[in-house]
Protein chains: 2
Amino acid sequence: MKAEIIAVGSELLLGQISNTNARFISTQLAEIGLDVYYHTVVGDNADRLVESIKIAEKRADLIIFTGGLGPTKDDLTKETIAKHLGLSLVLDNHAIIYIEDFFKRMGRKMTDNNKKQALVLEGSTVLENKHGMAPGMLLTTESHSYMLLPGPPKEMEPMFQFEAKPLLPKLLLDENVIMSHVIRFYGIGEAELETEVQDLLDNQTNPTLAPLASDGEVTLRLTAKSNSEDEAWKKIEELQAEILNRVGKFVYGYNNDSLPSKLREILIENDLTISAAESMTAGLFQSELAAVPGMGEALVGGMITYTEDVKIKQLGVDAAIIEKYSVVSSECAEQMALKVKEKFQTDIGVGITGAAGPDGHGGQPAGTIWIGIALGDLKPVTYKLNLSGLRNTNRIRTVKFTIYYLIRLLREQTLSKI
Amino acid sequence: MKAEIIAVGSELLLGQISNTNARFISTQLAEIGLDVYYHTVVGDNADRLVESIKIAEKRADLIIFTGGLGPTKDDLTKETIAKHLGLSLVLDNHAIIYIEDFFKRMGRKMTDNNKKQALVLEGSTVLENKHGMAPGMLLTTESHSYMLLPGPPKEMEPMFQFEAKPLLPKLLLDENVIMSHVIRFYGIGEAELETEVQDLLDNQTNPTLAPLASDGEVTLRLTAKSNSEDEAWKKIEELQAEILNRVGKFVYGYNNDSLPSKLREILIENDLTISAAESMTAGLFQSELAAVPGMGEALVGGMITYTEDVKIKQLGVDAAIIEKYSVVSSECAEQMALKVKEKFQTDIGVGITGAAGPDGHGGQPAGTIWIGIALGDLKPVTYKLNLSGLRNTNRIRTVKFTIYYLIRLLREQTLSKI
């Protein structure tokens, strides 16, 4: 069973946008074990679209179209497919209703022209668009299945995930339920993680196991197929237990967790406040925390101590310590953490100092970073990073490592229950 | 004259990465007026790649391949094309030299295996890879041109832009020189900018004029074709003068300028130091400045005053002002700017306070933001934003607006020469 994705839109051929839809759908299809051999992008041109369909029909069973379902004369996907297959477009009452609903929600008046949006391929299953007007469609003929999805990712992605994808197992596979579960890691490289679970990767069948790395984070996606949700979850739980057994200490969360959201959860649960003194990250750590809504309950504020003078005069770091150990040192990071905690009267103080690059700093080469964490009355802990990236990659990694170390430390030191 | 882009790589079909290469190349081809009718993505499979080439040969004159030029057995683009066209792969001495150079720069030893990377299609023009090992190629037969580029964007983009693109005018067009120039705007929406230059957009021929909007910034790209660089630049200058005449006050820079790099340039040129007190941006403003190397000469540091208590006790904002006007007010932003400037002894002080969302704050609805700028002994200036985005979009926009207002203010107030 093979699938091909055809994206329709001249804006793609002009390079105005990337074809992220093909990526999204491919990831989802890979999860359920459906092979994708080709992606095609074609402009808003009926003749060239028909040519693309004819080619795809020779090499795929399921053809997924994105784009060209809008109300303007440029939008010709459903019209072209209808003509190609010799089908009519018919008004769908369900689509009319949710298009009306959409206009109500937007507080705008629906015109007759918008009713055209409710025209669908005769005999197709209509896929509801909860974030826009154009309905999607799934049409199955004797030889092929044709899926039509809207172009804007914010409409297409939820439609594919929640309306279209659940129809695929019945259409294409033996099982009825597909369940995915993501385990999130930090502080371990992709290669190292893969080595630890190599036998599981080699022998994967059901659940499938897919590693993915981006921006220093690694995830494992477990996808199980089964006839019931209970059975699928049981398969996932079994494999997950084996994975946690091997590399559990690098797990910071699951599914939609992010490092900052996880940290916020732990801070709020334990009624802890936090402040930070940042040098090379210059506010990025606190900004990443504040990106999570509701962080105000835990994040009090802090200082950006970019120069040595500010570290001493504003924050109160001992000049003798900087003199003796330099600004890029365990001792300086520890002092920064202690002083900001004291000054801002929080439960946790964080100090970050280092050489982001491209040049060295404080007598240390680019990429040398010290993170200090002062937690309650415990002796402050410091961590050293030796990063090899460009300036801003190093700054982002430093923030992620800081959050990861905080999560680990809070779990170990104060939160045996987590 | 038509082009087709074939991206080779199973990772694209698995959805592990997006085909950003096709977007990049399409933008560049659109600039020089070359039509792209199709993008294709195919996996690391010789048979399916040949099928894709045969299809592309029927519908395009120039076929551009990305990916599959690496040293592993999965990489088969040049081998497949050689076989398809009945050509040999020959060792290219120039490529050997820069592959050796690359290894020297990386401080690694070159093995015999790496020499295979220097094999190129016989009769092709070799395109140097300044950021990796795999050379690119441009081969012209009687009927078609075939361009082979590496897959990693950081290798492909500079190779296309600086090695391959300059060869295209001679190959495909009448003119010899193509010159592009980007004008960067902030504080004006895409629709508003387009309205102001609508007649120029409608009547564009040479130079072409392409607007592009992303993350609240808008750019206009002017591209001229001509027989000499002088002539091309003269065409660009003429059109640019007309554009600046209409919307010059929203221009913050050109080509590779960014808002923070432009601000740094002005600060350094005028020997000015800056500090900031940030509430809703929580360090993002200072972090964005610090992302530019060498910002340490201007950015001293500052405070993150996330809570009201910190604003009063640490920064020294007058409690009565907050009581009277709330933390989200012109008065509070002004005080924050003044106090941080005074405390950190800088030439410029910036205060940012607002309701990022999703909830309101300080009696103001989400999206209400006040920015205060205290410059030298001048009376502080405040700016109000009413943003309608999500929390983090609002935070990023606020930082960009702050930098834009700073650039404008510095130009107006102190720097008549700029």
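Analyst: Five bridges join β2(A) to strand β2 (residues 35–42) of chain B, and these strands run antiparallel; strands count as paired if DSSP finds at least two bridges between them. Within this pairing, Val41(B) of β2(B) is the bridge partner of His39(A). Helices (H or I, at least four residues) and strands (E, at least two) are DSSP runs, numbered from the N terminus.

This is a predicted model, in which local features need pLDDT of at least 70 and side-chain atom pairs count only at pLDDT 80 or more, while totals for chains, interfaces and linings use all residues; side-chain values use heavy atoms, with hydrogens and water left out. Residues are numbered from 1 along each chain as its sequence is written, and chains are lettered from A and ligands numbered from 1 in the order in which they are written.

The interface as a whole brings 56 residues of chain A into contact (heavy atoms within 4.5 Å) with 55 residues of chain B. About 4400 Å² is buried between chain A and chain B, and carbon and sulfur atoms give 55% of that area; buried area is the accessible area (1.4 Å probe) that two parts lose on being put together, summed over both. Across this interface the rule finds zero salt bridges, a salt bridge being a side-chain nitrogen of Lys or Arg within 4 Å of a carboxyl oxygen of Asp or Glu. By contrast, 28 residue pairs are in polar contact between chain A and chain B, both residues at pLDDT 80 or more. A polar contact is a pair of N or O atoms within 3.5 Å; within protein, one must be able to donate a hydrogen and the other to accept it, and residues adjacent in sequence count only if both atoms are side-chain atoms.

Within chain A, the domain assignment, which is automatic or from a database, gives domain 1 (2–172), domain 2 (177–254) and domain 3 (259–413). The centres of domain 1 and domain 2 of chain A, taken over C-alpha atoms, are 32 Å apart. Their contact takes four residues from domain 1 and six residues from domain 2. About 470 Å² is buried between these two domains of chain A. Glu31(A), Ile32(A) and Pro169(A) supply 82% of the area that domain 1 buries against domain 2.
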